[in-house]
Amino acid sequence: MLERLNETLAHIEGRLDQQVDVGELARIAVTSEYHLRRMFSALAGMPLSEYIRRRRLTVAGAEVLAGRESLLEIAVRYGYGSGEAFARAFRAVHGVGPGEARRTGAALVSQPRLSFRLTVEGSSSMRYRVVDRPAFTVVGPRARVPLVHAGPNRAIVDFVRGIDPRVLERLEKLSDQEPRGIVAVCDDLDPSRAEGTELDYYHGVITSGAAAEGAETLPVPAGTWAVFTTSGPAPRAIQELWRDVFTEWFPANPYRSRPGPEILRTRLSPDGTEADAELWLPVEREQG
């Protein structure tokens, strides 16, 4: 998988002055666009689109400083419809406009070309199982919240605190499938997985029954799920599990992620500092 990802990086590098087709990148990586975006974001620490933009403006920055062509010619070559659009994008990456950079020879920001390598540590094994599930329904209160990569998600914390405990008691009685009890469900995430992008967060149960009063429903079709377990400090252990699944498990196993909700069952210690967690991710076998 990492070899194919590096082939996509080479493809990007040869087309920085052209439109980069993510569908073509996915074909080179022999995976889906959805999984490619997820894998890239986890491995690179930035969305695929952001990497392409930064590499494009790194190369364009070198041409701006070289001074052989007009700023408009450079802007058009790298896909910007006007000098103003190019200047805005240039400033967002380099902290200075292209005209000022050329006049003053300002130091610019360089996005290095990435390559992915697998580091084998062997210090721990990941506990997981793969299960086929019939269709089910997520039932519970829902909120639109921002994605947070590290530390507590205050929007989720505040939302959960505002739920009437009696609603949760009624919901728990509907729980009749794994993972049992109250779970956290994330759905409709932005493909980039960028910090601050929004998602639907459900605080509810997995059930085959009907909805409860004051709750919303999310029908989930039948499919295959990879189930991962971890224990450790909250929320760090859970966030590290999410990261490790995409940087270690997927590259080493014949599965890829598929669109669908991500389900987390967490049991906290009495003081709330430690967690036992079970993460359910929708997956499918890689083809070929």
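Visitor: How much of the accessible surface of the protein chain belongs to carbon and sulfur atoms?
Guide: This is a predicted model. The accessible surface of its protein chain comes to about 14,600 Å². Of that surface, the share belonging to carbon and sulfur atoms is 50%.

Visitor: What does the C-alpha trace of the protein chain span along its principal axes?
Guide: The protein chain has 288 residues, and 47% of them are buried. Along the principal axes, its C-alpha trace spans about 70 × 45 × 35 Å.

Visitor: Among contacts between residues at least 6 apart in sequence, what share joins residues at least 24 apart?
Guide: The chain holds 10 helices and 10 strands. Take its contacts between residues at least 6 apart in sequence. The share that joins residues at least 24 apart is 72%.

Visitor: Is the crossing of α1 past α2 left-handed or right-handed?
Guide: Helix α1 covers residues 2-13, and helix α2 covers residues 22-29. Their axes come within 8 Å and cross at roughly 145 degrees. As α1 passes α2, the crossing is right-handed.

Visitor: How many charged residues are in the contact of α1 with α2?
Guide: From α1 come R4, E7, T8, H11 and I12, and from α2 come E24, L25, I28 and A29. By class, 4 of these residues are nonpolar and 2 are polar. The number of charged residues is 3.

Visitor: Is T8 buried or exposed?
Guide: T8 sits in helix α1. Beyond its neighbours within four places in sequence, T8 contacts L25, I28 and A29. Buried means under 20% relative accessible area. T8 has a relative accessible area of 3%, so it counts as buried.

Visitor: What is the phi of V30?
Guide: V30 is in the loop between α2 and α3. Its relative accessible area is 41%, which makes it partly exposed. V30 is not a glycine, yet its phi is positive, near 55 degrees.

Visitor: How are α3 and α10 placed, roughly parallel or roughly perpendicular to each other?
Guide: Helix α3 is residues 33-44, and helix α10 is residues 236-252. Their axes come within 9 Å and cross at roughly 115 degrees. Angles from 65 to 115 degrees count as roughly perpendicular. The two helices α3 and α10 are therefore roughly perpendicular.

Visitor: How many nonpolar residues are in the contact of α3 with α10?
Guide: H35, R38, M39, A42 and L43 of α3 meet W242, F246, T247, F250 and P251 of α10. By class, 2 of these residues are polar and 1 is charged. The number of nonpolar residues is 7.

Visitor: What separates the C-alpha atoms of R129 and V227?
Guide: R129 lies in strand β1, residues 127-133. Leaving aside neighbours within four places in sequence, R129 contacts E178, W225, A226, V227, E278 and W280. R129 and V227 are 98 residues apart along the chain. Their C-alpha atoms are separated by 5.2 Å.

Visitor: Why does T137 count as buried?
Guide: T137 is in strand β2, residues 136-140. Leaving out residues up to four places away in sequence, T137 touches V205, I206, T207, T217, L218 and P219. The cut-off for buried is under 20% relative accessible area. T137 counts as buried because its relative accessibility is 19%.

Visitor: Is S208 buried or exposed?
Guide: S208 is in the loop between β5 and β6. Residues up to four places away aside, S208 touches D176 and Q177. Exposed means over 50% relative accessible area. S208 has 56%, so it counts as exposed.

Visitor: What is omega for the cis peptide bond of A234 and P235?
Guide: P235 lies in the loop between β7 and α10. A cis peptide bond joins A234 to P235, and omega is about -5 degrees.

Visitor: What is the phi of D188?
Guide: D188 is in the loop between β4 and β5. At 46% relative accessibility, D188 is partly exposed. D188 is not a glycine, but its phi is positive, about 55 degrees.

Definitions and conventions
Residues numbered from 1 in each chain as written. Predicted model: local features only at pLDDT ≥ 70, side-chain atom pairs only at ≥ 80, totals over all residues. Heavy atoms only, no water. Helix = DSSP H or I, 4+ residues; strand = E, 2+ residues; numbered from the N terminus. Buried < 20%, exposed > 50% of the residue type's maximum accessible area, 1.4 Å probe, protein only. Contact = heavy atoms within 4.5 Å. Axes fitted to C-alpha atoms, helices over the stretch in contact; angles between N-to-C directions. Parallel < 35°, antiparallel > 145°, perpendicular 65-115°, else oblique. Nonpolar A, V, L, I, M, F, W, Y, C, P; charged D, E, K, R; others polar. Areas by Shrake-Rupley, 256 points an atom, 1.4 Å probe, with all protein chains shown as cover. Left-handed = near helix turned anticlockwise from the far one by under 90°.
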